Structures are given as structure tokens and as C-alpha cells.
Amino acid sequence: MHGFACRPPPDEKENVNKACEFIQLLAILAATITYQAGLDPPGGLWLENGEGHTVGDSILLTTHPIRYKAFFYSNSVAFVASLVIIVMLQNKKLVRLHILEAAMILDLFSLMGAYAAGSSRDTSTSIYIVAMAGAVLIYVVIHIIFFTLDPRGMHKDVLDKCREVLLLLAILAASITYQAGLTPPGGFWEIDDEKHGHHAGFSILQDKYHRRYKAFFYCNAASFMASVALIILLVNPTLYKPAIECYALFVCMVGGMFGLMAAYAAGSSLHLKASIVVLVLVALVPVFGFAAYLVGSNHRDNNKQPAGEGGATQGDNVADDAAKDQIQPAQQVADGAAKDNDKAKYLMLLGILAASVTYLTGLKPPGGLWRDDNDGHSAGSPILYDMDRRRYMVFFYSNSTSFMASIIVIVLLLCQILRRKRRPPHWSLHTAMVLDMLALLVAYAAGSARKWGTSRNVILLLIPIVVFLWLLFCYKNRRRNTASQKGG
């Protein structure tokens with residue numbers, strides 16, 4: 001009896017398991033990005049011996065030693081804390097006492113400090129970056145205070161689903177913007193050049209395209225800080241429940257997504273024409289989402305038979321609907337909701353995967369970047385653009401299409417969560433996802449090879465794989481039908 005009394009209630013056990021999943025996900029995120037940033041620090045590495053440094057040393061350590069130490073120790077604290085959290089997650093008591101959640105908050109603040117120190121070279125800019133996260137937190141609190149909340153609140157299952165989706169999106173944005181902010185597109189100058197005013201460890205894009213760099217830098221920083229602030233809020237149940245119910249976190253997430261798209265448009269290409277095309281794709285994201293929502297709403301409205309049509313009254317229709325609802329088993333409704341939930345998670349993970357890889361690849365294209373201005377090329381510009389312009393354009397536009405299609409999938413799924421009674425049609429999600437995967441395939445084929453024959457062969461690999469899966473499906477289906485016939 002004593003052992004039974006000490007056993008935690010089922011609800012508490014479920015909450016502890018969910019908390020463990022969230023904390024583990026966040027710890028893995030922080031460990032991954034801080035490990036990579038620690039081995040490849042911002043500013044790059046010296047390529048030759050010089051005064052006060054040796055080859056392989058961090059350039060930032062020589063040029064800005066205090067800033068480098070602030071970045072290094074903040075990044076190291078986040079990395080070590082993540083490893084400790086991952087190991088200590090086996091102790092459920094630490095989760096119940098919210099000790100690991102406090103460690104996770106320390107981890108996230110260390111990430112913010114490392115980003116502020118490593119992504120810029122002056123103190124005022126670092127202060128502005130940290131202030132962005134503070135502005136997000138203040139906005140959410142003000143939104144919660146002044147927005148009229150529904151006294152009934154959201155159902156617990158809906159609230160948990162919203163929290164899970166928002167956390168996945170925040171992790172996506174935080175992981176890719178952290179890496180992009182510390183190692184911006186165009187790379188860094190590797191040597192001092194007093195003749196042209198270049199300094200080692202500074203961004204090439206900042207010196208050659210200052211306005212474009214500013215647009216990328218602040219949009220990327222805003223997306224990162226908004227994501228980290230959202231994660232901090234989502235860890236605390238007292239804050240995230242009212243913030244989700246009044247849609248404050250959704251507003252912040254949409255702002256972070258637009259910051260991500262604007263940063264991609266500014267940093268993925270140095271040519272105005274290509275940036276305009278990307279901005280057009282950015283503008284199509286809300287247009288596509290709104291159009292899909294309207295089509296889904298009209299489709300559902302048309303399916304409702306008007307009163308008096310076909311000799312039936314509105315009361316008869318209501319009575320028929322009520323009878324059908326009573327006849328339909330509750331288990332079928334639950335199974336359908338679970339199936340839709342699993343499909344939404346599947347599509348969300350695919351969208352996050354494609355968005356993460358295409359964002360970073362668009363900022364650092366295949367073939368590398370020029371490091372100097374010699375022989376008619378410009379430092380920071382893609383080598384592939386000068387060597388094979390048509391191939392680069394195929395890669396760039398395919399990669400950009402895949403990135404924007406991923407954002408469209410994410411936006412449609414957010415609309416599905418916000419408007420559960422009027423969801424976007426399934427065909428819009430599947431169309432965007434198919435376009436996403438096809439564009440990703442073309443971008444891979446164009447960027448991974450340097451001969452058109454090889455790129456064609458990469459795309460043609462799709463045919464035997466699809467044929468194999470179709471034959472395997474036919475074989476399995478025939479065996480199942482044969483077994484069912486024998487059993488009958």
C-alpha cells in the first residue's frame with residue numbers, strides 16, 4: 001500500500017514525460033549548434049603565421065580578444081550545460097522539481113550571449129541584438145495582459161499540440177540562424193589589406209555590400225532572438241498557456257518566419273535581380289496561405305446543403321446531422337483526429353527539414369566563395385556563378401523554391417492549428433510538399449555535380465526507386481489479399 005501511495009498520479013507522470021521530451025529536444029539542439037560553433041568560431045582562422053598568432057588560431061582571438069572570450073565561454077557554458085542535461089534526464093525527480101528546466105534557461109541565455117558576442121564586432125550592435133529578445137518577451141507579456149482571453153481556454157490536447165508545433169518551429173529557426181549569424185554569407189576576410197581597408201575576421205559582405213549585409217544581419221538576428229525568447233516562454237507552463245490562448249506566440253512565430261525569409265532574400269544572392277525574384281517568392285507565401293484558406297472555407301460552405309433545397313427544411317437537415325452524429329462511433333472520430341494529427345506532424349517535420357537545409361545552403365552555395373578580388377572576380381561571390389552561370393542559376397532558383405515551399409507548408413499547418421473548423425484543403429499541403437521535394441531534388445542535382453550528364457543521372461535515379469517501391473507495394477498487397485482469401 002505504501003509503494004502504491006508513493007506512485008505519482010497518471011497526469012503527473014504524463015506531464016513529466018512530456019517535459020523530458022521537450023528538454024531533451026532543446027538540449028540536443030543546443031549541443032549540436034554550440035559544438036559546431038566552438039570548432040568553427042566566428043571570424044575564421046589564420047591561414048599563415050604572423051605577429052601575435054600562428055596558423056590555425058582564431059582571427060577573432062587576435063583582433064578582439066575580449067569579445068572572443070565572451071563568445072567562447074558563453075558557447076562553452078551552453079554546450080556543457082546541454083551535455084549535463086542530456087545525462088541527467090534519466091533522473092525524473094530533477095524534472096519534477098524543475099531543476100533541469102532552470103538549467104535549460106541558463107543554456108538558452110548562454111546561447112543568446114554567444115550569438116551577441118560572435119555575430120558582431122561592436123558593443124552597440126551586440127546590445128541591440130539582446131534587446132530584440134527582450135522586446136519579444138515584453139510584447140508577449142503586454143499581449144497577455146491587454147488581450148481579452150477566452151474564459152473557457154483551450155482544450156489541453158489542443159494546447160499541447162500548439163506548444164509542440166511552436167517548439168519545433170522555434171528550434172528550426174534558432175538552429176539555422178545561430179549558425180548563419182556566426183558565419184554570415186560571403187565569409188570573412190582572411191588577411192589584413194591596408195590598401196583596400198579590409199581587416200581579417202570581418203565579414204566580406206559587410207565591406208562590399210553594406211546595406212545588404214545590414215538587412216541580412218538584423219533579419220537573421222531578429223529571427224534568432226525571437227525563437228530563443230519563444231523557447232524560454234514555452235518551457236514555462238505559467239507563461240505559455242495564456243500566451244498560446246491569446247495567439248501572442250503565433251504572432252511572434254510568424255514574425256520570426258518572415259525575418260527568416262527576408263534574411264534569405266538578402267544573403268542568398270549578391271545580384272539585385274535574383275533578390276527581387278526571391279522577394280516575389282516571399283510575397284507569394286501569405287498569398288498562397290490565404291488563398292488556400294479561402295478555398296477550404298468555400299469548399300466546406302458549399303458542402304452544406306441550404307435550407308429548402310431538395311424538399312428538405314433546415315430543421316430536417318439539422319435532425320439528420322444530429323442522427324448521423326449519434327450513429328457515428330466516437331472511436332472513429334478519435335481515430336480520424338489522431339490520423340490528421342500524425343499527418344500534420346509528418347508534414348511539419350518534412351517542412352522543417354527542407355527549410356533548414358535550403359536556408360544554410362542558399363547562404364553558402366556549392367563550389368565555395370571567392371576570397372579575394374583578383375582575376376576579374378569579386379570576393380564573397382559564388383565561384384560556381386563565374387564558372388558555370390546557368391548551373392548556378394538552376395541551383396539557386398530551385399533551392400529558393402524549395403525553401404519558400406517549405407515555409408508555405410509550415411504556414412498552412414499553422415493555419416490548420418489556428419482554424420481547426422476551417423482547415424486548408426489537403427491538396428494544398430500535398431501540392432506544396434511535392435513542389436518542395438522536386439525543387440530540392442533539382443537543386444541537389446545541379447549543385448552536387450559539374451556535368452549536366454551527371455545531374456541528369458541523379459534525377460533519373462528517381463525512376464528505378466519509384467518503380468521498386470511500386471513493385472514492392474503490389475507484391476505485399478497481393479500476399480495480403482491471398483492470405484485474406486484463404487482465411488475467408
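Biologist: Let me start with a spot I clicked on: is Leu 353 buried, partly exposed or exposed?
Modeller: Leu 353 is partly exposed, because its relative accessible area is 46% (buried means under 20%, exposed over 50%, and partly exposed in between, with a 1.4 Å probe and protein chains only). Before we go on, this is a predicted model, where local features need pLDDT of at least 70, side-chain atom pairs count only at pLDDT 80 or more, and totals for chains, interfaces and linings use all residues. Residues are numbered from 1 along each chain as its sequence is written, and side-chain values use heavy atoms, with hydrogens and water left out.

Biologist: Thanks. Which helix is Leu 353 found in?
Modeller: Leu 353 is in helix α15, residues 330–363. Helices here are DSSP runs of H or I with at least four residues, strands are runs of E with at least two, and both are numbered from the N terminus.

Biologist: And how far is Leu 353 from Ser 406 in space?
Modeller: Their C-alpha atoms are 8.5 Å apart, while in sequence the two are 53 residues apart.

Biologist: Zooming out, how many helices and strands does the protein have?
Modeller: There are 20 helices and zero strands. Of the 488 residues, 43% are buried.

Biologist: Now the helices. At what angle do α10 and α12 pack?
Modeller: The angle is about 155°, and the axes of α10 (residues 210–235) and α12 (residues 248–267) are 8 Å apart. That makes α10 roughly antiparallel to α12. Axes are lines fitted to C-alpha atoms, for helices over the stretch in contact, and angles run from 0 to 180 degrees between N-to-C directions. Under 35 degrees counts as roughly parallel, over 145 as roughly antiparallel, 65 to 115 as roughly perpendicular, and the rest as oblique.

Biologist: Which residues make that contact?
Modeller: On α10 they include Phe 216, Cys 219 and Leu 230, and on α12 they include Met 253, Gly 256 and Leu 260. By class, the contact of α10 with α12 has 14 nonpolar, five polar and one charged residues. Ala, Val, Leu, Ile, Met, Phe, Trp, Tyr, Cys and Pro count as nonpolar, Asp, Glu, Lys and Arg as charged, and the others, Gly among them, as polar.

Biologist: What is in the loop between α11 and α12?
Modeller: Tyr 247 is placed there. Its phi is near 65°, a positive value in a residue other than glycine. Tyr 247 counts as partly exposed because its relative accessibility is 33%.

Biologist: Changing topic: is Arg 391 buried or exposed?
Modeller: Arg 391 is buried, with a relative accessible area of 0%. Its place is in helix α17, residues 389–418.

Biologist: What does its side chain make a polar contact with?
Modeller: The side chain of Arg 391 pairs with that of Ser 455, at 2.8 Å. A polar contact is a pair of N or O atoms within 3.5 Å; within protein, one must be able to donate a hydrogen and the other to accept it, and residues adjacent in sequence count only if both atoms are side-chain atoms. Leaving aside neighbours within four places in sequence, Arg 391 is also in contact with residues including Leu 384 and Trp 452.

Definitions and conventions. Contact means heavy atoms within 4.5 Å.
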